[in-house]
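Here are some notes to read alongside the model, one point at a time. Keep the 3D view open and find each residue as it comes up.

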Amino acid sequence: MPSVKKVLIIGGGAAGIMAALKSAEGNCDVTIIEKMQRPGLKILVSGKGRCNVTNAGSIKDLIEAFGRNGKFLYHSFSVFSNEDLISFLKEIGVETKTERGNRVFPKSDRSKDVLNALKREIAKRGIKLKTALPVISLRKEGSKIVSAVLSDGSEIKADYFVLATGGKSFPGLGTTGDGYEILKKLGHTVTPLYPALVPLLIKENFAKHLEGLSLRNVRISAFADGRKFSYFGDMVFTSKGISGPIVLTLSSQIVPALSKNPVKAEIDFKPAISEKILDGRFLREFSQNGTKKLKNVLKNLLPVRLIPIFLQKADVSGGKKCNEITKEERRRLVNTMKHFCITITGTEGFAHAVVTKGGVSLKEVDPKTMRSKLYENLFVTGELLDLDAITGGYNLQAAFSTGFVAGETIKSEC
């Protein structure tokens, strides 16, 4: 009978829990240590408290959601796909449903149901869960890790170590970038880190007057590093800038450029029609409402709160009657409707970011095992990796899948 191998999972989020559950299927003594008082806090807040566990798209869709580095996840998504995750959740008592954009949520719309089911499974499989234990470093001997050093100076020895501490987003939930520092000390390369899927700040001071105003079916485009990024969907104004699904997705593309200079952007309020067709729409509105004031007729085209700012941008008086609007003024109205310019100056930071852009260099991690290429018994998972996707459940799926691969590898060696 082979000796029982000790496995230490550092971090009690999606990746860490899945790594623990899989490795516990082997001849392993598994312990999860979590720095916070409770595990899975980020699971609780995901999907605005509803837990967008995954996306029901194809594996190709999942990989493409991660952009340039997505192919690294091909093996992880193949061995533990979104369908596998949905089946696993059903087995442990969590029924799911699919909504717009292929987003998958628990039927109950409660993230705590997902976390509670995972915690029950941890207990069922005999996994030890220790909380309020911050790890500050890993001690190495040659090409092996021998122990995790805690903040009080004590050490925990093990045969295998899985780092699943998450990124830097939502630091109030414990994800303060500890894992990156631990890995840097071990000689791993960590690429520059940026807040991603994060609300953006704008230079224009009109944002405070539009706070809470939602816009549906608009297009936002930004110009950064010689490229144009453009997304269609919903957005919302905040007191200092903009947020909402398409803004969060845009943020992930422009944050590296934004760290150096402001980024020019524009909103197309009527992306479904061309400028020529929109000009015809204005002509019809003006001919039908010739004696009405422009600001009142614009209610047919724009939210009321936006109209004064729109008119100021277009440099047209809202008090003018529609039959007094000149051809040049109409041109400016059309142009502003299709190209409402703003200047993005920054982000709301890691405290408001859904994920972290950047992380451990993928060249230093084996995609088929999640094993560090520098240390034979160290595995790196989840948001610590240089991987980030658009909104829609992709990032949480990557955490579960990479944790699964690490756990499966350890199980096969125990």
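1. Let us begin with Ser137: is this residue buried or exposed? In this predicted model, Ser137 counts as buried because its relative accessible area is 18%, and the cut-off for buried is under 20%.

2. Where does Ser137 sit, and what does it touch? Ser137 is part of strand E7. If you set aside the neighbours within four places in sequence, its contacts are Ser147, Ala148, Val149 and Ile182. One of these, Val149, stands opposite Ser137 in strand E8.

3. Now follow the chain from E7 into E8. Strand E7 covers residues 135-141 and runs antiparallel to E8, with six bridges joining the two. As a reminder, strands of a sheet pair through backbone hydrogen bonds, either parallel or antiparallel. Two residues lie between the strands of this hairpin, where Gly142 has a positive phi near 65°.

4. Strand E8 itself spans residues 144-150, and six of its seven residues are buried, which leaves the strand mostly covered. E8 also pairs with strand E9 (residues 155-157), again in the antiparallel sense, over three bridges. Look for Ala148, which stands opposite Ile156 in E9. The hairpin of E8 and E9 has four residues between the strands, and here Gly153 takes a positive phi near 95°.

5. Next, please look at the barrel. Which strands close it, and in what order? Six strands do so, in the order E12-E15-E14-E13-E16-E17, with antiparallel pairing. On average, neighbouring strands of this sheet are turned by 45° against each other, ignoring direction.

6. Strand E16 (residues 263-268) and strand E17 (residues 340-347) are paired in the antiparallel sense over five bridges. Within this pair, Val263 stands opposite Ile344 in E17. Helix H9 packs on the sheet and touches strands E12, E13, E14, E15, E16 and E17, with its direction at about 140° to that of E14. Helix H13 (residues 327-338) lies across E16 and E17 and runs at about 110° to E16.

7. H9 comes up again at the second largest pocket, where it gives the most to the lining, with five residues. How many residues line this pocket in total? The lining has 22 residues, and those nearest the centre are Gly67, Arg68, Ser252, Gln253 and Lys357. Strand E14 (227-237) and helix H9 (245-258) are the elements that give two or more residues to this lining. Sorted by class, the lining has 10 nonpolar, four polar and eight charged residues. The space in the pocket comes to about 380 Å³.

8. Finally, zoom out to the protein as a whole. Its secondary structure comes to 14 helices and 19 strands. The C-alpha atoms fill a box of roughly 90 × 40 × 35 Å along the principal axes. Of the 414 residues in the protein, 54% are buried. Among contacts with a separation of 6 or more, 72% are between residues 24 or more positions apart.

Definitions and conventions:
Residues numbered from 1 in each chain as written. Predicted model: local features only at pLDDT ≥ 70, side-chain atom pairs only at ≥ 80, totals over all residues. Heavy atoms only, no water. Buried < 20%, exposed > 50% of the residue type's maximum accessible area, 1.4 Å probe, protein only. Pairing = 2+ DSSP bridges. Contact = heavy atoms within 4.5 Å. 1 Å grid on protein atoms, 1.4 Å probe; cavity = no way out; pocket = protein on both sides within 12 Å on 5 of 7 lines; lining within 4 Å. Points joined across faces, edges and corners; volume = space filled by probe spheres on them. Nonpolar A, V, L, I, M, F, W, Y, C, P; charged D, E, K, R; others polar. Axes fitted to C-alpha atoms, helices over the stretch in contact; angles between N-to-C directions.
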